[in-house]
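Subject: Structure for you to look at

Hi,

Here is the structure I promised to send over. Please open it alongside this email.

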Amino acid sequence: MNIVCCIKQVPDTATVIKIDPEEKHIQREGITYIVSPYDEFAVEEALQIKEKLGDTTVTVVTMGPERAKEALRQCFAMGADEGYHLVDDAFDDSDTYATATTLAAAIKKIDFDLIICGKHAVDGDTSQVGAQVAELLDIPQVSMIMKEEINDDKKTAVVNRQLEGGEEVLEVQLPSLWTCQKGLNEPRYPTLKGIMGTKKKPITDFTVSDLGLSPEEVGLLGSKTDVSKMYPPPPRLPGRIVEGEPEEAVKELAKLLREEAKVI
Ligand SMILES: Cc1cc2nc3c(=O)[nH]c(=O)nc-3n(C[C@H](O)[C@H](O)[C@H](O)COP(=O)(O)OP(=O)(O)OC[C@H]3O[C@@H](n4cnc5c(N)ncnc54)[C@H](O)[C@@H]3O)c2cc1C
């Protein structure tokens with residue numbers, strides 16, 4: 001089987017993010033980057049399928065600037081076999097549709113039986129890219145999977161997806177695209193051997209012309225949405241303690257909630 005995992009390099013969740021209001025995106029200097037945690041679930045699941053079925057290639061694909069190669073290498077250290085880096089200035093300022101267009105064009109050039117994505121990227125947070133890639137490739141998609149089992153025919157799979165207070169079990173055809181929910185697996189730590197081997201694994205770069213796309217179809221020009229404003233949430237006001245005997249304090253609290261906070 002050939003399994004493609006879409007992985008995104010994102011700011012470390014422990015990083016304090018500052019927004020550049022002029023450029024309408026985050027300030028990127030001095031930030032530590034990681035593979036989006038939900039994409040690690042995708043790579044781990046692909047590796048578990050490979051261990052179970054054998055004769056499987058795990059390919060990681062990312063769109064991002066030059067530094068995103070590091071994310072591909074982190075996946076190599078976990079055990080992924082090869083990588084594709086979609087890297088071109090023309091891809092800058094992509095919205096989710098332009099991102100999905102670029103990823104789908106790249107995946108069309110790779111032989112695949114299954115695509116696994118994260119449920120969402122922990123920075124952009126839209127949960128749109130996986131579904132859009134599936135639509136552009138005209139394949140079925142199952143979101144938020146919690147468990148999967150590829151059938152012996154390798155043409156279908158049984159997939160559990162999370163619902164509010166339960167799980168849904170579906171049979172799905174391959175090729176299809178799945179997005180991973182937390183709890184699907186526990187991503188492995190890279191081994192020393194894995195880290196040592198990362199330099200030998202191939203990374204193929206794809207530019208806009210390699211993908212057979214025009215600059216108008218990608219990046220800002222190919223985007224259907226435009227960020228008009230980006231700003232941090234207002235700072236939280238300090239809490240207030242209502243002093244006094246409980247009976248009086250409760251009355252005062254109710255008054256404040258009704259007249260000042262206007263929530264009751
Ligand atoms: C006008 C505009 C300008 C923007 N400018 C920039 C910019 O300059 N730089 C920038 O970094 N972002 C920019 N963004 C944000 C960018 O659109 C999103 O980060 C991107 O489209 C992915 O969306 P998401 O993070 O919400 O992914 P989600 O839909 O939440 O991700 C779901 C899954 O899709 C896959 N995926 C998502 N993105 C990628 C990727 N790049 N490569 C591989 N797999 C991926 C992963 O498997 C991920 O788990 C801009 C957005 C807009 C609207």
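Below is what I found in it, from the overall layout down to single residues.

**Overall layout**

Please keep in mind that this is a predicted model. The protein chain has six helices and 13 strands. Its C-alpha atoms fill a box of roughly 75 × 45 × 40 Å along the principal axes. Of its 264 residues, 36% count as buried. The chain is divided into domain 1, residues 2-217, and domain 2, residues 234-264. The centres of the two domains, taken over C-alpha atoms, are 47 Å apart. Take the contacts between residues at least 6 apart in sequence: 68% of them join residues at least 24 apart.

**The sheet**

Nine strands make up an open sheet with mixed pairing. Their order is E11-E10-E9-E12-E8-E1-E6-E7-E13. E11 (166-173) and E13 (203-206) are the edge strands, each pairing on one side only. From one strand to the next, the twist averages 35 degrees. E9 and E12 run parallel and are joined by three bridges.

Helix H4 lies across E1, E8, E9 and E12. H4 runs at about 80 degrees to E9. Which residues of H4 (129-137) are buried? They are Val129, Gly130, Gln132, Val133, Ala134 and Leu137. An α-helix has 3.6 residues a turn, so residues three or four places apart point the same way. What covers the buried residues of H4 includes strands E1 (2-6), E8 (114-118), E9 (141-150) and E12 (176-180), along with helix H3 (96-108). Just after H4, Asp138 takes a positive phi of about 60 degrees.

**The core**

How many residues does the largest nonpolar core have? It has 61. Those with the most contacts inside this core are Cys5, Val43, Cys75, Ile115, Ile116 and Val133. Val133 is also among the buried residues of H4. Cys75 is in contact with Ile7, Val35, Val43, Val60 and Ala80, leaving aside its neighbours within four places in sequence. In soluble globular proteins, nonpolar side chains tend to be buried together.

Best wishes

How values were computed
Residues are numbered from 1 along each chain as its sequence is written. This is a predicted model: local features need pLDDT of at least 70, side-chain atom pairs count only at pLDDT 80 or more; totals for chains, interfaces and linings use all residues. A residue is buried if 20 or more other C-beta atoms lie within 10 Å of its own, exposed if 12 or fewer, and partly exposed in between; C-beta atoms are placed from the backbone. Helices (H or I, at least four residues) and strands (E, at least two) are DSSP runs, numbered from the N terminus. Two residues are in contact if their C-beta atoms, placed from the backbone, lie within 7 Å. Domain bounds come from an automatic or database domain assignment. A nonpolar core is a set of buried Ala, Val, Leu, Ile, Met, Phe, Trp, Tyr and Cys residues joined through C-beta atoms within 7 Å. Two strands pair if DSSP finds at least two bridges between them. Axes are lines fitted to C-alpha atoms, for helices over the stretch in contact, and angles run from 0 to 180 degrees between N-to-C directions.
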